[in-house]
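Trainee: I am new to this one. Can we go through it step by step?

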Amino acid sequence: MTGLPLLPSILVDMVGSIADLVFAFLAMRYAYLLTRKQPENFLWSYLFYICIAIAAFSISRAAGHLLKQFLFISGNNDIWPIISPYSGGFNTLMLISVSAVTLFYHKGVETHRVIAAKAAKLKHANLLLKEAAREMKDLNLHLEEINSHLEEKVKERTAELSRSEEKFRHLFSASKDMVYFCNTGQDITDINESGLEMLGYYGKKRPRLNLHDIFYSEGDLQTFFKSMQRDGYVKDFETEFKRKDGTLINVLMSATAIRDEKGNIVSCEGIAKDLTKVKTMMEQLAASEKMASVGQMAAGVAHEINTPLGIILGYAQLMMDDFDEDSEAYQNLLVIERQTKASRKIVADLLKFSRQTGSARENLNINEVLTDVVAVTEHNLQLDHIQVHMDLADNLPAVVGDAEKLRQVFVNLINNAHHAMEKQGKGDIFITSWFDSANKQIVAEVRDTGHGIPADVQARIFDPFFTTKPVGKGTGLGLSVSYGIIQDHGGNIEVESPVVDKKSGKKIPGTAFRIILPEAKDPEAIQEKP
Amino acid sequence: MNKSLQQSWQIAKAVILVLMSMLIVPDAAWALQSHGPPEGIYVHQMAHAFFVGSLVFLFLDLRRSATKSRGWIYLKKFCLLMIVWNVVAFTGHAVATLLAPRHIAGAESFFHARLLGPMDPTKLIFYITRFDHLLLVPSLFFLFVGLRTLYLNVEREVSQGGGQ
């Protein structure tokens, strides 16, 4: 028999159909695994769809072929023609499906490529964003570091500023001199407590002050302004400030103008020192110098005059023996004798003033001296209705001095007080003593309620021969001599007229003389004296 | 409902009514086209041609766009083998139509069936094309190997932290 056996092709068909199924499903499995591994990758999804279609195609083909072979092997050849159209149709359908799915691969890939390109762009943008975020983070860290350093620096500088501010604030508030700040309107914008006290303002309420209010002299103020405008500062400028109560104080001021960037003065700051006490002391020193020179001159003159006066008196008394008491010559000689004696008394006073006379020193209780003086003078005072009030401190320390001379001083002061109140027909004399423990001085004050001493006269009252009394009533040597005696005792005389009451601050008419004497270094000596 | 929608709905109702009346009263003028015996094989052959076209398109696209990694090379081989298989199958189906049942003897036993001689080119081509699985199985094998390779590459990339 010629021909070819179909058995090999039948066997290949059966085995091949099974192998088709196996490989198709294995391919589908891996396609599925790819979609699970990268679900966002469209390409894997697409390959998975192709694999599904191929698997379905394999089933349709393999199932049909295997069924056909089994039907033919089993001898049921007549069944196959019935199934064949369905198997073939299904197979054709699957073939078309696979073709359709495969054909769409191109579009799918194109779409995927576009998406992938956009995804890549997005990824790149994300990377750039991440990079930018990282750079921002680094920058932030750097900034935080800088901030941290900055904060530390700020804290440090703030602490320094605070310390500096505290230091200068303390200097401002604790200064015993006036420290002030003013604006262009000459308003004092800030002033320390010492400044306010210097101007007589006490209490918590701070007054609104202007330089015009405190400068006494308008001329000085103009000079001050001109100097500030011209030089930008004022140094050691002496002027007078007007206090709240109207009294004047001498001040030494320095000030500096503060300018803006254009050079315009925007404010000023300055310091003023109260020189009133210094000036008073200077005046007293000058007076003291003057008195000392006058005293020396007076001593010289007195010494020179004393001898001729003694000769004149001697010869006058000798000549008086030669004339009858009723004679005119005798009477003339008597006048010469009297006037010569008066002149000698003046000379003696001058010598006392210039401390040229001898002096006995002992420990004294000043209260006893005052009591002695009042005992002697009280009678005359009462005749003019002048009352003496004594307020003497107990346990007053002793002073070293000449009791007689000190009595003379107090007699002088009481007599002056008497004369000051004589015209009034009445008055009071207050005699007070106390111990100034701070300066270790004994103070004795004689105060009257008389007419007081005019301010322009006060500087001259200790000058020799200066008197406001009528001619013949005073020689003008009383206070000069007293001044000399107290100076000789190492003390000082102060005068206050009118008197300012320490408690109320009010001015009381009258004059107060204060004798200030140093405390004795050996207080035991006073007890030895009865 | 506005006026235009109401008009559309009226037209739709008229069309549905006409179609339903056609079903109730069939007529020869409305008969569907009949599909005789040769149509099945023609459709099947056209499906093969369509599949070839799709595979050629896929192959060209893979060659143009896909990377040179081993997985994609396997997939291209799958395409080529599958194209060849389609050609073989198409040829087999075409040649089969030329053979008459008398050219195959298999009455005594299916395993002993034979292509009867004398042999001519038609019969030889028919005989050879019956071994089409020798192309189809390798083709599907390359599909499987290609996808497996792609999967293993992806898995390696993921495990190495490369991501997609």
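Predicted model: local features only at pLDDT ≥ 70, side-chain atom pairs only at ≥ 80, totals over all residues.

Trainee: In what order do the five strands of the open sheet in chain A stand?
Mentor: The pairing in this sheet is antiparallel.

Trainee: How many bridges join strand E2 of chain A to E3(A)?
Mentor: E2 covers residues 178–183, and the two strands run antiparallel. Tyr180(A) stands opposite Ile191(A) in E3(A). The number of bridges is three.

Trainee: Which helix of chain A packs on the sheet?
Mentor: The helix touches E4, strand E5 (248–259) and strand E6 (265–274) of chain A. Its direction makes about 160 degrees with that of E4(A). The helix is H7, residues 218–231.

Trainee: Which element gives the most to the largest nonpolar core?
Mentor: That core has 50 residues; Ala27(A), Ala31(A), Leu143(B) and Leu147(B) touch the most other members. Helices H1, H2 and H3 of chain A and H2, H3 and H5 of chain B each give two or more residues. The top contributor, with 13 residues, is H5(B).

Trainee: Which residues of chain A is Leu147(B) in contact with?
Mentor: Leave aside its neighbours within four places in sequence. The contacts of Leu147(B) are then Ala27(A), Tyr30(A), Ala31(A), Leu34(A) and Leu47(A).

Trainee: How many residues are in the other core, which lies apart?
Mentor: Its members include Val399(A), Met421(A), Ile442(A) and Val443(A). The count is 31 residues.

Trainee: Is the peptide bond from Ser497(A) to Pro498(A) cis or trans?
Mentor: Pro498(A) sits in the loop between strand E12 (492–496) and strand E13 (499–500) of chain A. Most peptide bonds are trans. Here omega is near -5 degrees, and the bond is cis.

Trainee: Is Gln186(A) buried, partly exposed or exposed?
Mentor: Gln186(A) lies in the loop between E2 and E3 of chain A. Its phi is positive, about 65 degrees, although it is not a glycine. There are 17 other C-beta atoms within 10 Å, which falls between the limits of 12 and 20, so Gln186(A) is partly exposed.

Trainee: And is Asn395(A) buried or exposed?
Mentor: Asn395(A) is in the loop between strand E8 (386–392) and strand E9 (399–401) of chain A. Its phi is also positive, near 50 degrees. It has 7 C-beta neighbours inside 10 Å, and the cut-off is 12 or fewer, so Asn395(A) is exposed.

Conventions. Residues numbered from 1 in each chain as written. Chains lettered and ligands numbered in written order. Pairing = 2+ DSSP bridges. Helix = DSSP H or I, 4+ residues; strand = E, 2+ residues; numbered from the N terminus. Contact = placed C-beta atoms within 7 Å. Axes fitted to C-alpha atoms, helices over the stretch in contact; angles between N-to-C directions. Core = buried A, V, L, I, M, F, W, Y, C linked by C-beta atoms within 7 Å.
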